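Subject: Structure handover and findings

Hello,

I am passing the structure below on to you.

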Amino acid sequence: MSTLDLFSVTPLETADLLPRRFRDWFAARGWSPREHQLSLLAKARDDRSALLIAPTGAGKTLAGFLPTLVELSSTADSRGGGDKSLISTGRGVKRTGGLHTLYISPLKALAVDIARNLETPIAEMGLPIKVETRTGDTPVSRRQRQRRYPPDVLLTTPEQLALLLSSDDAPFLFSSLKRIVLDELHALVTSKRGDLLSLGLARLWRLAPEMRAIGLSATVAEPESLARFLVPQRDGREVSADIVVAGGAAAPVVEMLDTKERLPWAGHTARHALGEMYELIKRNKTTLIFVNTRSQAEMLFQDFWRMNDDGLAIALHHGSLDVAQRRKVEDAMAAGKLRGVVCTSSLDLGIDWGDIDLVINVGAPKGSSRLMQRIGRANHRLDEPSRAVLIPANRFEVLECRVAIDAIAENAQDTPPLRTGALDVLAQHVLGCACGEPFLSDELYAEVLTSAPYASLTRTDFDDVVDFVATGGYALKTYERFARIKQDKQGRWRVANPKVRQSYRLNVGTIVEEPMLKVRLVRGRGGGSGSTGALGRGGRMLGEIEEYFIEGLVVGDTFVFGGEVVRYEALAEDQVYVSRANDMDAKVPSYAGGKFPLSTYLAERVRKLLDDRRAWNALPDQVRDWLSLQKHFSLVPAVRELLIETFPRGNKHYLVCYPFEGRLAHQTLGMLLTRRMERVRVRPLGFVANEYALAVWALGDMSFMIRHGKLDLNALFDPDMLGDDLEAWLAESALMKRTFRTCAVISGLIARRFTGEEKSRRQVLFSTDLIYDVLRKHQADHVLLRAARADAAAGLLDLKRLGDMLSRIQGRITHRELEHVSPLAVPVMLEIGRESVYGEAGDELLAEAADELVKEAMG
C-alpha cells in the first residue's frame with residue numbers, strides 16, 4: 001500500500017536532509033526548500049519510491065532531481081578526488097560512475113528545457129555532475145558515446161528508452177542505475193506510450209533491482225493508480241509508491257468572457273470575440289491563447305494578424321511547424337519578447353516559458369484537469385494565482401465553461417483511470433526484448449506481470465502475442481516475412497535475422513501519425529503544371545503537413561500554413577513547394593486528431609446545471625433566455641432523463657435527443673439507431689452529432705409512428721444494441737480497418753519505415769487492408785483483431801460511456817412531439833450539411849442558417 005504525506009519538516013531535519021552547499025545555494029537566491037522537496041529527499045534516504053502530486057510552479061522538477069544531486073555530490077565528496085571507479089558502501093564495493101539517474105519526459109522539448117535548467121544549480125554549486133539529453137534530434141555519434149560512456153544523468157523519452165533497452169549492452173548501461181524520474185506522469189499513462197513505458201520499467205527493475213522511481217504529476221483524480229505504475233507489482237497484489245502531496249498553491253482566478261457580441265448558436269471559431277480577445281492581449285504582458293486543434297490555431301493567428309494595428313508581437317506554435325520555427329518562438333517567449341502566442345496542446349505540459357500572466361482558452365475545455373494544466377502555464381509561481389479567461393465559441397459551450405470553472409473552484413479532477421495494457425504494444429516490446437538478448441517465455445511473462453497496466457495479463461494472451469511475433473499467427477504463418485523471432489535449442493527466443501532488428505529500431509514507438517509531407521517556401525511561378533523544374537530545389541522549410549490534405553489540392557490553390565497564406569505550386573516526392581500568396585478565402589488544413597472528447601465528469605455536471613434552475617442565474621443573459629425559451633416551447637431535461645423531440649421540417653422528419661455524452665458516443669449511437677430504424681421502416685436518411693446532442697432525419701413520420709405505437713422508444717434505445725447490432729455494424733465498417741491499421745503498425749507487423757525509404761500511405765493501406773480481410777475470414781480471434789476491437793471500444797466508439805448512458809435512461813425517456821424545431825435543437829440542426837467552410841464567409845453562412853432556424857423555433 002502507498003502512504004500519503006502532508007507533513008512539516010523542522011529546521012533540524014532540513015539540515016540533516018540537505019547538505020550545507022545546497023542550503024547556501026537556496027539562501028543565496030532568497031529561497032528556502034519547500035516541504036514537498038524535502039519530503040522527496042526523506043523518501044530517497046529511506047530507499048522508497050514516491051509520487052509527487054503538485055501544481056505548476058511548485059518546483060516539481062527540482063524536487064525530483066534533488067535526491068540525485070545530493071547523492072552524486074555526496075559520492076564525489078566521499079571520493080575526495082581519488083579513484084572514481086569504485087566506492088565502498090554498506091552493501092560492499094561497487095563500480096561508480098555510470099548512469100545514476102534516468103529522466104523520462106513526454107516531450108523532447110521538455111527534456112531539453114530541464115537539462116538547461118539543471119545546469120544552473122550544478123554550475124553554481126560546482127557539482128561534478130554530467131547531464132545529457134537523448135532524443136530523436138541527438139546526433140548519432142553522441143548517442144553511441146552515451147552507451148559506452150554514459151553521463152550521470154540522462155534525460156530522454158519513452159521511445160528512446162525502448163531503443164536503449166533493445167540493445168545488447170543494455171545490462172551494462174543500466175546496471176548502475178539508482179533512480180528513474182518520470183515527469184508529467186499523468187500525461188504519459190493515459191495512452192499507449194504509457195503502456196510502452198511501463199514495459200520498459202519492468203525491464204529496468206530486472207536489470208537494476210535497486211532502482212527507485214520518482215513520479216512527478218499534476219493533480220489527478222486517482223493518485224493511487226499512478227503510484228502503482230511506479231513500482232513492480234508482485235504475486236497479484238497491488239503495490240504502490242508513497243504519495244507526497246504539495247500544498248500551499250494559490251487558487252487560480254478563472255473567468256468566462258461575457259461577450260458583448262451576439263453569441264453564436266454553433267461553430268468552434270469564437271470569431272465573434274476576436275476584438276475582445278485582442279484587447280485582453282493588449283492589456284497583459286504575455287498571453288497564451290490555447291485552441292483545441294492546429295487548424296483553429298492557423299485561423300486564429302491569421303485573424304489576429306489582420307487586425308493587429310498596434311504591431312503586437314504575436315506568434316504561432318503547433319506540432320506541425322518546423323522544429324526551428326518552434327524553437328524560435330519558445331526562445332522569444334522565454335526572453336519575454338512576445339505579447340501573445342496562439343498554440344495547441346504543444347504547450348500544455350510543464351516547460352517553463354517565463355512570465356505568462358494570462359491564459360485564454362478558446363472553446364470549451366472538455367475536461368477540468370486538462371484546463372487546470374493549461375491554466376498552470378500562467379504565473380509559474382506557487383504563491384501567486386494563475387489567471388485565465390475562457391472564450392466559449394457557442395451557447396452550449398457556455399454551459400461547459402461554467403461547470404468547468406465550478407470544478408476548478410472545487411479542485412475536482414477528471415483524469416481517466418489507469419489503462420489496461422494494449423496487446424499490440426506488448427508485441428512491440430516482445431520484439432524489442434529479442435533484439436537485445438534472447439529470452440525465455442516464462443521469464444519474460446513473469447517480468448511483464450510486474451508492470452501495472454499488464455498485471456492482469458493472462459498467460460494465454462501473452463503466449464498468443466509471442467506466437468504472433470514469431471509467426472504472424474495461424475492465418476499468416478505460411479508467410480516467412482511475418483516470422484520475426486525464432487526459438488533456439490535452449491528454448492530462447494531471438495530475432496530471426498539482422499533486418500528484423502533494424503526494422504524494429506526504425507519503427508519503435510506508439511504514435512502512428514498520418515504520413516507527412518515537408519512544406520518548402522519558394523518563389524512562385526504564378527501558374528504551371530505542378531512540376532518543380534521552374535521552381536528549383538531548396539526553399540525555406542515551413543514545417544510538415546498531412547498527405548491527405550495535399551491530395552485534395554490542385555496547383556494554384558491557396559491555404560494557410562505557418563501563420564501565412566501560401567499558394568500550392570508543386571509536389572515532388574515528400575516535398576510540397578509553396579509560394580507566398582494573398583487570399584482572404586484560403587483553405588485551412590484539417591489535421592487528423594486534435595479533437596478532445598468531452599469528459600464524462602463535465603458531461604454529468606452540464607446535465608446537473610440544466611436541471612438546476614437556480615444555477616441558470618450565473619449564466620449570461622443570452623444563454624439564460626435560450627434555456628427559458630426551451631422550457632416554454634418543449635422541455636429542459638432532468639439530470640437522469642433523456643429528452644427526445646420529433647418534428648417535421650421541409651419534406652423530412654427529425655428526431656433529436658440530448659444524451660450529453662460527447663461526440664464519439666453520440667456518433668456510435670447514431671450508427672446503431674439508424675440500423676434499428678431501418679428494420680422498423682422509419683427509412684432514415686442520415687444523422688449528425690455534436691458533443692451534446694444527436695439528430696436523425698428520415699422519410700418516415702416518427703411522431704406518427706411513436707404516437708401509434710409503431711416506434712417504441714424504450715426498445716429503440718435498449719442497451720442490447722451493443723450486442724448483435726454493434727457486431728454487424730463493425731463487420732462492415734471502415735472504422736475497424738482504420739483501427740486495425742494502427743495496431744498493425746504499432747505491433748511491427750507492417751513496417752512504415754525502411755532503411756532509406758518510407759512506405760507511402762497507399763502502400764500501408766493496401767498491406768493492412770489485405771491482412772485485415774484475411775484475418776477476419778480465417779482467424780477471427782487473432783491477437784491484432786482483439787487489440788483493434790479493444791481500441792475501438794475504448795476510443796473511437798466510447799462504448800463504455802454509451803453503455804452507461806443507455807442503462808441510466810431506461811424508463812426515463814421523455815418524448816415531446818413538436819410542430820417545429822426547438823430552441824435546444826438549433827445547434828445540432830446547424831451541423832446538418834455543414835461543409836468545412838472557413839473564414840468570414842463560413843461564419844456568415846452559419847449565422848444566416850441560425851437566423852432561419854431560430855425564427856422557426858420561436859414559432
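Here is what I found, from the overall picture down to single residues.

Keep in mind that this is a predicted model.

Overall

The protein has 859 residues, and 57% of them are buried. Its secondary structure comprises 33 helices and 30 strands.

Helix α19 and its two partners

Two packed helices are described by the angle between their axes and the distance between the axes. Both values are given here for each pair.

Start with α17 (residues 423-436) and α19 (residues 459-471). Their axes come within 9 Å and cross at roughly 60 degrees. That angle makes α17 oblique to α19. The crossing of α17 with α19 is right-handed. On the α17 side, the contact uses Leu 423, Leu 426, Ala 427, Val 430 and Leu 431. On the α19 side, it uses Asp 461, Phe 462, Val 465, Val 466, Phe 468 and Val 469. By class, that gives ten nonpolar residues, one charged and no polar.

Now take α19 with α30 (residues 783-794). Here the axes come within 10 Å and cross at roughly 120 degrees. These two helices are therefore oblique to each other as well. From α19, the residues in contact are Asp 461, Asp 464, Val 465 and Phe 468. From α30, they are Val 783, Leu 784 and Arg 786. The class count for α19 with α30 is four nonpolar, three charged and no polar.

An enclosed helix

Which residues of α7 are buried? They are Pro 158, Glu 159, Gln 160, Leu 161, Ala 162, Leu 163, Leu 164 and Leu 165. That is eight of the eight residues in α7 (residues 158-165), so the helix is largely enclosed by the rest of the structure. Note that Glu 159 and Gln 160 are on the buried list.

Asp 242

Asp 242 sits in strand β10 (residues 242-245). Is Asp 242 buried or exposed? Its relative accessible area is 2%, so it counts as buried. Its side chain has a polar contact of 2.8 Å with the side chain of Arg 48. Another polar contact, of 3.2 Å, joins the side chains of Asp 242 and Lys 43.

Val 253

Val 253 lies in strand β11 (residues 253-256). With 39% relative accessibility, Val 253 counts as partly exposed. Beyond its neighbours within four places in sequence, Val 253 contacts Pro 385, Ser 386, Arg 387 and Ala 388. Val 253 is also 9.2 Å from Ile 375, C-alpha to C-alpha, and the two are 122 residues apart in sequence.

Val 854

Val 854 belongs to helix α33 (residues 839-857). Why does Val 854 count as buried? Its relative accessibility is 15%, and the cut-off for buried is under 20%. Leaving out residues up to four places away in sequence, Val 854 touches Trp 265 and Val 826. Ser 822 is 32 residues from Val 854 in sequence, with 8.4 Å between their C-alpha atoms.

Best wishes

Technical notes:
Residues numbered from 1 in each chain as written. Predicted model: local features only at pLDDT ≥ 70, side-chain atom pairs only at ≥ 80, totals over all residues. Heavy atoms only, no water. Helix = DSSP H or I, 4+ residues; strand = E, 2+ residues; numbered from the N terminus. Buried < 20%, exposed > 50% of the residue type's maximum accessible area, 1.4 Å probe, protein only. Polar contact = N/O pair within 3.5 Å; in protein donor to acceptor, adjacent residues only side chain to side chain. Axes fitted to C-alpha atoms, helices over the stretch in contact; angles between N-to-C directions. Parallel < 35°, antiparallel > 145°, perpendicular 65-115°, else oblique. Left-handed = near helix turned anticlockwise from the far one by under 90°. Contact = heavy atoms within 4.5 Å. Nonpolar A, V, L, I, M, F, W, Y, C, P; charged D, E, K, R; others polar.
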